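Here is a brief report on one protein model. Please keep the sequence and the 3D view at hand.

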Amino acid sequence: MLDPQWWPLGLAALAVLAGAVSVRTTGMGFALLSSPFLVMALGPVEGILVTNVCGIVAALLNLLVIHRDLDWRRAARVVPAGIVGTIPGALLVLWLPAPVLAIAISLLVIAGLLFTIVSRSLQVPNSFWVGAGGGFASGVMTVTAGVGGPGLVVYALATQWEHRSFAATAQLHFAVLGVAALLAKGALPTLPVGGWALLLGMLVVGLIGGTALARRVHGSRAMRGVIVIAMAGATLSLIQGLAQL
C-alpha cells in the first residue's frame, strides 16, 4: 500500500508534467497550469516556491533546445525591463490591497489582449519603448499576480512577433524573472530528495512529450494557444482578486 504522503507528490508531479508540456509546445503556461495544483498539493508557500524553481528549470531546458531562435535584440529590451518591473510591482503589493491590484492589472491585460486580437492587422512598430513596456508589464504582473506571460503576449501580438522567436526569447525572460522572484522572497523549497527526483523526472518527460507535439503544431496555431493561455491566466487572476475582496 502506498504511503499517503506520496499522494500530494503524485498530484504535484502531474501538475509539473502538464506545465512542461505546455511550455515546450507554446512557449508559456508553466505557472498557469501547474501552480494551482502545486499549491493544493504542497501548500501556498511551498507550492509557489516549487513552481518558481521548476519554472526556471523548465525554461532553461527548453531554451537549450530552441536557443537558435532566440531574438537577442528583443531580449535586451524585455528582460531588463521585466526585472525593473518587479520593483514597482513589489511596492504596489505593499501599498495597495492585493485584490484591488490584481483586478486592475488583470483588466488591463484582458483589454490589451482583446484589442490586439480584434486589430491584428494594426501592427505596432517594434521600437525599444514598446518592447520595454511589454517586459515591464510582465515584471509587474509576475510580482503582483504571479503570472508574467500575458503582459509579454500583448507585446508579441501587437508587433506580430513570429512564434518560434517569441517562444525562445520568452524562456530567457521567464527564467530570469523566476530567479528574481526567488531572490526577492529569500527562500527555497524544502522538498525531500525523492520528491525533487520525481518532479524533475516528470518535468523532463513533459518537455520530451511537448517536443513531439511541437513538431505537429504550426506556428500560427501555437500562437493561438499562447493567446488562450494568456487570456486564461489574466482571467484567473481577475477571479482570484474578486474572490478576495
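## The second largest pocket

Which residues lie nearest the centre of the second largest pocket? They are Arg24, Ile66, Asp69, Arg164 and Ala214. The model is predicted. The lining of this pocket has 21 residues, and its space is about 360 Å³.

α1 (6-26), α3 (44-66), α8, α9 (193-214) and α10 (219-243) each supply at least two lining residues. The biggest share comes from α1, with 4 residues. By class, the lining splits into 9 polar, 7 nonpolar and 5 charged residues.

## Helix α4

Helix α4 covers residues 72-95. Its length checks out: at 1.5 Å a residue, its 24 residues should span 34 Å, and the end C-alpha atoms are 35 Å apart, which agrees.

The buried residues of α4 are Arg74, Ala75, Arg77, Val78, Val79, Ala81, Gly82, Gly85, Thr86 and Gly89. An α-helix has 3.6 residues a turn, so residues three or four places apart point the same way.

## Gln160 in its loop

Gln160 sits in the loop between α7 (149-158) and α8 (163-185). Its phi is positive, about 50°, although Gln160 is not a glycine. Is Gln160 buried, exposed or partly exposed? Its relative accessibility is 39%, so Gln160 counts as partly exposed.

Conventions
Residues numbered from 1 in each chain as written. Predicted model: local features only at pLDDT ≥ 70, side-chain atom pairs only at ≥ 80, totals over all residues. Heavy atoms only, no water. Expected span 1.5 Å × (residues − 1). Buried < 20%, exposed > 50% of the residue type's maximum accessible area, 1.4 Å probe, protein only. 1 Å grid on protein atoms, 1.4 Å probe; cavity = no way out; pocket = protein on both sides within 12 Å on 5 of 7 lines; lining within 4 Å. Points joined across faces, edges and corners; volume = space filled by probe spheres on them. Nonpolar A, V, L, I, M, F, W, Y, C, P; charged D, E, K, R; others polar.
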